[in-house]
Amino acid sequence: MTSTLKGITLKGSAEMVAEFFSFGINSILYQRGIYPPETFSRVTHYDMSLQLTTDPKLKNYLTNVVTQLKEWLFECTVQKLVLVITCLETNEVLERWQFDIECDKSAKESSAPREKSIKTIQDEIRSVIRQITATVTFLPLLETPCAFDLLVYTDKDLVVPDKWEESGPQIIDQSEEVRLRSFTTSIHKVNSMVAYKKTDSA
Amino acid sequence: MDLEDDTTVLTTLKSFNTFISRPEHPQRLMERSAGSGFLQSQYKRSMELLEAAERVHTQHRYLQLDQEKKQMELSHKRARFELEKAASDSARDFEHEVDRNQELLGQIKKLEEKETEVTKNLSEQVEANRALRMNLEGLNKKLEERDTKLNAANQTITSLKDEIREMRQRIQNQDLTISARTLENQELQEQLDLQRRKYQEVSKLCQSLQAAQSSCSEHVIKIKDLERRLALQEQDIVIVKSVKSEVARVPDLEKEIKRLRDDNTFLRESRENCSLLKEEVEGLRRKLERMEKTKEELANMELEKEKLAEKLQAWENLGQSTGLNIRKPEDLSREVIQIQQREIALKEQNYALSSRVRSLERSQSELRAELTQQGGRTLEDQKKREAQDSLVWRLQRRVLLLTKERDGMRSILESYDTELASTEYSPQLSRRLREAEDILQKTQNHNTEMEAQLTKAQEETGALKLQLQRVELELETIKKQQASAADSCSLVTKEEVNILRQKIEDLEKERQRLEEENNILEMRLERHNLQGDYDPLKTRVVHLKMNPTSAAKQQRQQEVESLQEEVTRLRELVRSLQDGGMMGLSHDDSGMKNPSLSLSLPPSKEVQDLRKQMESSELRNQRLKEVFQKKIQEFRTVCYVLTGYQIDITTENQYRLTSVYAEHMEDSLLFKKGSNGTMQLMETEFSKTLGEMVALHLHHQKSIPAFLSAVTLDLFSRQTTV
């Protein structure tokens, strides 16, 4: 880890961003109540307490996605990661948590580490996750049973792996968007935002 | 226990009532019989009284009749005695009869009860019989079926036996064949041995043959080898011949080599040349590339040029349209400069003109002021003139008046003159006349003066008016001049400037509009991006096939299906229940048909079972009650008949005994069971009359049965005697 203390490499950046997604998705699922709160356990990471799922199916799914995502982050072929929350009764998309990923493709050629300490990156990540937690105050309540899906926007020339398939963008009809904080590892920049369905009362 | 107690009480009461109601007849009869005895004695007494009366009245017949009467008395006494005897006999008989009657009634009751019992039994038996018959029929059917089966089985057995026999025969046959076969087999084995031996011999022969063949093949190989060598030798010979011919050709070849070497050197040189050429070619190629690039650039330039030419054309057009001779930018600039200069000059002109205009305006205003002054003055003059006119007019009137006066005076004077020609007043008068003439002269002079003044003033005003007109004309001309000057100087430049300004404004507006549009589009793009839109040419969206949403959807689908199935099932069930209604049997049948239905029905079945059990237990209870009642009744009647007492339980531990021979219905004995099990006699109206017996049997002998039997005997004797 001595190398990471000095700076950050492409590999380290990909791992860091993938880790952020893992924690971020977990906390969204916990905060939005997609899975019951008793299936989550408390862990401390980024100097803050976070919720991680204990549901074996969900765990398996998330590890599958995150490992694949790490690969793509390393190849700099991923553009967006979107967490879509769908209402099961009406099949309507209610929320879209979008993480735009800007890859610095020049990092692929030059393997020299970038000058940015892990601590500052983690600080940025922490503030993003805090903001995700805070969004619950203004997002409309999910009253019906919902399920989530993870969409990955990739470059067109990417070969889709066996387990994956193409999907629609799952755009919300009549949405309100809120931009959240962003963070950068100086190789990958992640802009986060949430779009939610406009309710009639609002 | 309470229930049984109640029943016993009820039954005892009932029986007692029946008992009570029955024996009334005989008692009445008894009374009648007792009454008849009493009448007899009365009768006798009356007879005696009658006899006494008769004796008083018929003393004389007394003696006659005394004997007769004594005989009659004797006979009457005998008859009375006989009658009494007969009465007592009949009473006794009657009592016997009553007893018998009671017994018979009891018997009848019992018989009736028995009959009802029997009928019940009979009905039960009949039912049982029917059930048994049904069973029997079922059993018969089964028996028949079994018989038929048995028959079939027997038939099959016989057939099987036949088969077995056949099989045995076959087996025997086969045994026979097997033995034959074994025999054959032995023979064949012997033959086989023989064959084997033959085979061994043959194999030996074969081996020898093979050895021979191998030697033969070796020979053949040798032959072939030799043949090959021969061929090789022949080939060698041919080669040698060819070599020889080639050797003959060697000098030629050497020449050729030399030539080739020359060629080689030449080629080498040429190769060097070639490399040089190649370099050149490369250089040329590069040049070509550069040329191409330059060509492209040229094309681009041409395009640009065209664009520029277009622009130029536009400019030229503009020039043409504006009527200026613009061919080059310098022209344009020159033109512009010229225009600017011209503009400046014009502006200067303009300024000059405007200053002139201003000065003119100032002078005009001054002139106006003057004019107004002049106007004022003319007005004053006019007023003066008017005043003078009026004055003149008045003066003329006065002159007229004076002339008239003068004329009058003259006439008067003339008259005077005529009258007083040359009188003393004439000098005076002439003086006065002269004086008047002088005054007239003066006024006339004044008048003319005034007139002259008036004409002068009029002339002056006319002059002023003329001046005013002149000034006005001047002003107008100046104004016209000014307007024309302004028009003429800025006519061209202003138009141009206006056009250019308008164009600039238009362009500015367009630029702003485009900027706004651009902003809006950027905003929209941003918004689309935020909403998750993407460029399908550059991006593709992927997700895991097995994602939680699809899994959840699938699960939900399955749930819905299962629920729908259940709903249809339940709907059917409800329908069937509605159809079934009261028909429990058909309900059961449907349950048998539909397994799902029977699954949901066990509770009702259980309930039915329980209900059946309950019914049977209730029935059993009822039966037991009936039996107990019957037995108790029987026991009680037996007790009653044997002991002569009807025992009733009035309250807890209190027993009331009523004798068969009791004289009154309410004559009864009351016993109380003590805590230690001993019975104590309670005091009743009836027991009070039995003081002796109580003292003797209870206090002395201490035996209740003895007391009771004594009471019975006493009552019996009381009833039978009299």
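This chat goes through a helix pair in chain A and a sheet in chain B of a predicted model.

Q: Before we start, what sort of model is this, and how are residues numbered?
A: It is a predicted model in which local features need pLDDT of at least 70 and side-chain atom pairs count only at pLDDT 80 or more, while totals for chains, interfaces and linings use all residues. Residues are numbered from 1 along each chain as its sequence is written, chains are lettered from A and ligands numbered from 1 in the order in which they are written, and side-chain values use heavy atoms, with hydrogens and water left out.

Q: OK, at what angle do H2(A) and H3(A) cross?
A: The axes of helix H2 (residues 10-31) and helix H3 (residues 56-75) of chain A cross at roughly 150° and come within 9 Å (axes are lines fitted to C-alpha atoms, for helices over the stretch in contact, with angles from 0 to 180 degrees between N-to-C directions; helices are DSSP runs of H or I, at least four residues, and strands runs of E, at least two, numbered from the N terminus).

Q: So are they roughly parallel or antiparallel?
A: H2(A) and H3(A) are roughly antiparallel, a term for angles over 145 degrees.

Q: Switching to chain B, what is the strand order in the sheet?
A: The open sheet has four strands in the order S2-S3-S4-S5, with antiparallel pairing, where two strands pair if DSSP finds at least two bridges between them.

Q: And which strands are at the edges?
A: Strand S2 (645-649) and strand S5 (679-682) of chain B are the edge strands, each pairing on one side only.

Q: How many bridges join S4(B) to S5(B)?
A: Four bridges join strand S4 (residues 669-673) of chain B to S5(B), and Phe671(B) stands opposite Leu681(B) in S5(B).

Key
Angles under 35 degrees count as roughly parallel, over 145 as roughly antiparallel, 65 to 115 as roughly perpendicular and the rest as oblique.
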